[in-house]
Amino acid sequence: MAKDLTNSLADLKEDEVIAIVREKLDKNEDPMKILNEAGRGMEIVGKRFSESKYFIPDLVYSGEILKRINELVKPKLSGEGEVKKGGKVIVGTVAGDIHDIGKDIVVFMLDVSGFEVNDLGIDVPVQKFVDAIKETNAPVVGMSGFLTLAFESMKETVDAIKEAGLREKVKVMIGGGQITDEVVKYTGADAFGKDAMAGVTLAKKWIGTK
Amino acid sequence: MEKQWEEMTSDERQEALFEKWISPEGVTYASPEAEKAYKEKATRIKDAVQMKKVPDRVPIFLLPSFYPVYYSGITPQDAMYDYEKNNAAFKKFIVDFAPDAHLGAAVPGPGRFLDIVDYKLYSWPGHGVSPNHSYQANEGEYMMVDEYDDLIEDPSNFFYKTYLPRVFGILEPWQQLPTVTGILEIYGVGFNFIPFGIPPVQESFKKLFEAGAEVLKYAGAMGAFGGEMIATGYPTIVAGFTKAPFDVLGDTLRGTRGLMVDMYRNPDKLLKAMDVLTPIMIKMGVGAALSSGNPFIFIPLHKGADGFLNEEQYMKFYWPTLRKVVMGLVEQGVVPFLAAEGGYNTRLDIVSDLPKGKTLWLCDQLDMARAKKTLGKVACLAGNMSSALLNLGTKQQITDYTKKLIDDCAKGGGYIMSNGAFFDEAQAENIHAMVDFTREYGVYK
């Protein structure tokens with residue numbers, strides 16, 4: 001019987017995935033190899049999402065399955081863990097807004113796509129975004145906001161980035177329920193993504209995969 | 001002789017509720033003009049909703065969230081803690097912009113009451129959110145995945161003893177309350193009441209009395225507001241609300257993530273739980289409509305939006321019990337006012353399976369021209385001026401889009417001009433532009 005972790009994960013067959021991972025660990029297979037196979041499964045998930053074959057619940061469920069895989073595999077890792085090749089991205093929900101579900105999905109999809117994501121959380125003060133850029137030199141910033149008050153917070157954050165002399169060093173993407181091109185213009189961001197995969201596409205375009 | 005409610009058809013019941021709404025009893029109108037304006041506005045909306053004839057012109061809804069608060073120059077915290085300031089702000093909004101109906105003044109809510117009960121489900125101004133911002137939901141799992149059986153077997157007991165104690169800090173001791181279905185006989189009857197003798201339970205009831213006293217004040221203020229607006233000539237557009245059973249579970253019980261994973265790991269329990277909730281949600285809506293003499297029951301649609309479920313999941317988990325709730329309301333003459341929040345473009349054909357002239361839909365990110373040709377054949381559509389345009393658009397952009405909406409949707413009636421999503425912020429002149437243009441261009445000749 002074929003034991004294909006990548007495709008079982010891509011097909012969201014949770015029980016099969018866990019059985020395969022357990023069997024591989026029992027056989028002392030290389031834990032990194034297992035995680036890489038899982039990673040390829042997640043790539044397929046992401047691809048199916050951009051093709052509108054998979055939707056948000058599929059992303060959320062794949063995240064739950066991946067969490068279980070990580071719980072089983074990570075204790076067996078020798079120490080270094082995976083090196084993130086995709087580049088650094090800072091993500092946060094802007095000041096005044098505590099909504100996080102959309103942001104968490106974007107963070108998750110960027111992470112499984114190989115980016116090193118710095119998740120600043122929710123209700124992130126303007127200065128915290130600026131400080132994070134200074135500390136990490138991340139070339140991409142993602143701002144999430146669900147309420148209309150977020151338009152103002154996004155604009156203030158971009159203005160603060162400008163004032164700190166950092167605007168040329170970063171690309172800014174925004175997203176959330178009521179975000180449109182008008183909001184991108186108003187806030188001074190570079191683009192908006194209508195869903196998590198659009199965010200990954202933008203990050204890849206701006207950083208490029210190495 | 002007047003027919004009894006039980007003998008009436010659903011058409012007759014709807015007509016009876018509309019009549020009560022258009023001609024409410026015991027109202028002293030501010031002036032003959034106010035009475036005329038009230039009846040004209042209500043009739044205009046009735047004609048649009050029933051889709052039997054065109055109204056005199058396209059009706060106008062303005063459905064804000066906290067906008068009236070900012071428009072008056074007060075903060076959300078002011079509105080939640082000072083009911084007079086709150087009411088003044090909402091009245092000013094309605095009178096200044098003069099829509100054909102309003103949502104009432106109850107969106108901000110009673111802050112002091114939330115303080116007393118130690119509400120966990122939301123953060124509000126002064127309590128985890130700045131005084132200048134609206135309240136926001138604290139997403140989480142308030143019902144655990146292994147509690148489906150409890151909910152299914154005895155929903156009220158689950159709410160009293162498990163769910164509400166999680167959501168209201170002062171109700172935490174209610175976990176110790178008796179299971180009332182065991183109070184059956186003189187034998188041991190007293191033992192059931194032991195919890196009421198324990199100090200923590202007694203404390204919780206003392207707090208509850210305080211909460212009740214506060215909310216009576218609030219209820220008085222809201223009742224006065226509704227009455228005053230009728231007397232001034234403005235109909236209220238909602239008597240109360242209910243929800244799709246899937247959203248009941250996804251919004252504030254299992255949470256978004258929990259519910260989505262339940263579809264894969266526990267589909268049978270999820271379906272059973274929604275079956276149990278269906279008659280409860282129908283009763284909730286019907287009760288509110290009948291007791292207030294207003295046919296409109298609001299149903300916010302959340303987790304079935306475009307992208308949140310694939311079509312198979314929507315047909316299996318979301319639509320059947322929602323449709324049952326809608327039809328249960330329609331049967332009793334109630335008009336479900338469904339707000340399809342987010343995108344609903346992939347759902348239009350599915351939700352068109354409804355009787356004509358019985359439902360009203362608020363449209364958010366919808367292709368309105370396409371909506372008119374599908375759902376719009378059976379249901380009255382309201383919408384969909386965007387929050388982005390209301391905030392950031394030019395007057396020209398607003399009037400252009402208002403014209404497009406009327407051109408695409410108003411023909412033959414069954415259309416109401418409205419914003420698409422509940423807005424906190426907007427440019428006042430943009431709202432005026434949308435209203436003024438509709439009054440002129442939206443007249444049926």
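# Briefing on the predicted model of chains A and B

Of the 210 residues in chain A, 47% count as buried, a residue being buried if 20 or more other C-beta atoms, placed from the backbone, lie within 10 Å of its own, exposed if 12 or fewer do, and partly exposed in between. This is a predicted model, in which local features need pLDDT of at least 70 and side-chain atom pairs count only at pLDDT 80 or more, while totals for chains, interfaces and linings use all residues. Residues are numbered from 1 along each chain as its sequence is written, and chains are lettered from A and ligands numbered from 1 in the order in which they are written.

**Chain A as a whole**

- Chain A has 9 helices and 5 strands, where helices (H or I, at least four residues) and strands (E, at least two) are DSSP runs numbered from the N terminus.
- Read from the N terminus, the order of elements in chain A is α-α-α-α-β-α-β-α-β-α-β-α-β-α.
- The radius of gyration of chain A is 18 Å, which agrees with the value near 17 Å that a compact globule of 210 residues would have; the radius is taken over C-alpha atoms, and the globule rule is 2.2 Å times the number of residues to the power 0.38.
- The C-alpha trace of chain A spans about 60 × 35 × 30 Å along its principal axes.
- Among the contacts in chain A with a separation of 6 or more, 74% join residues 24 or more positions apart, two residues being in contact if their C-beta atoms, placed from the backbone, lie within 7 Å.

**Domains of chain A**

- Chain A is divided into domain 1 (5-76) and domain 2 (88-207), with bounds that come from an automatic or database domain assignment.
- The centres of domain 1 and domain 2 of chain A, taken over C-alpha atoms, are separated by 27 Å, and the contact takes 8 residues from domain 1 and 8 residues from domain 2.
- On the side of domain 1 of chain A that touches domain 2, α3 (31-50) and α4 (56-73) each supply at least two residues, and α3(A) provides the largest share, 5 residues.
- By class, that side of domain 1 of chain A has 4 nonpolar, 4 polar and no charged residues, with Ala, Val, Leu, Ile, Met, Phe, Trp, Tyr, Cys and Pro counted as nonpolar, Asp, Glu, Lys and Arg as charged, and the others, Gly among them, as polar.

**Contact between chains A and B**

- In this interface, 29 residues of chain B are in contact with 23 residues of chain A.
- α11 (255-265) and α16 (387-392) of chain B each supply at least two residues of the side that touches chain A, and α11(B) gives the most, with 6 residues.
- The residues on this side of chain B divide into 11 nonpolar, 14 polar and 4 charged.

**Strands of chain B**

- An open sheet of 3 strands in chain B has the order β2-β1-β3, with mixed pairing, two strands being paired if DSSP finds at least two bridges between them.
- β2 (128-129) and β3 (136-137) of chain B stand at the edges, each with a single partner strand, so one side of each is left without a neighbour in the sheet.
- Strand β6 (residues 335-343) of chain B has 8 of its 9 residues buried, so it is largely enclosed by the rest of the structure.
- Strand β5 (residues 296-301) of chain B pairs with β6(B) in the parallel sense over 6 bridges, and B:I299 stands opposite B:L338 in β6(B).
- β6(B) and strand β7 (residues 360-365) of chain B pair in the parallel sense over 5 bridges.
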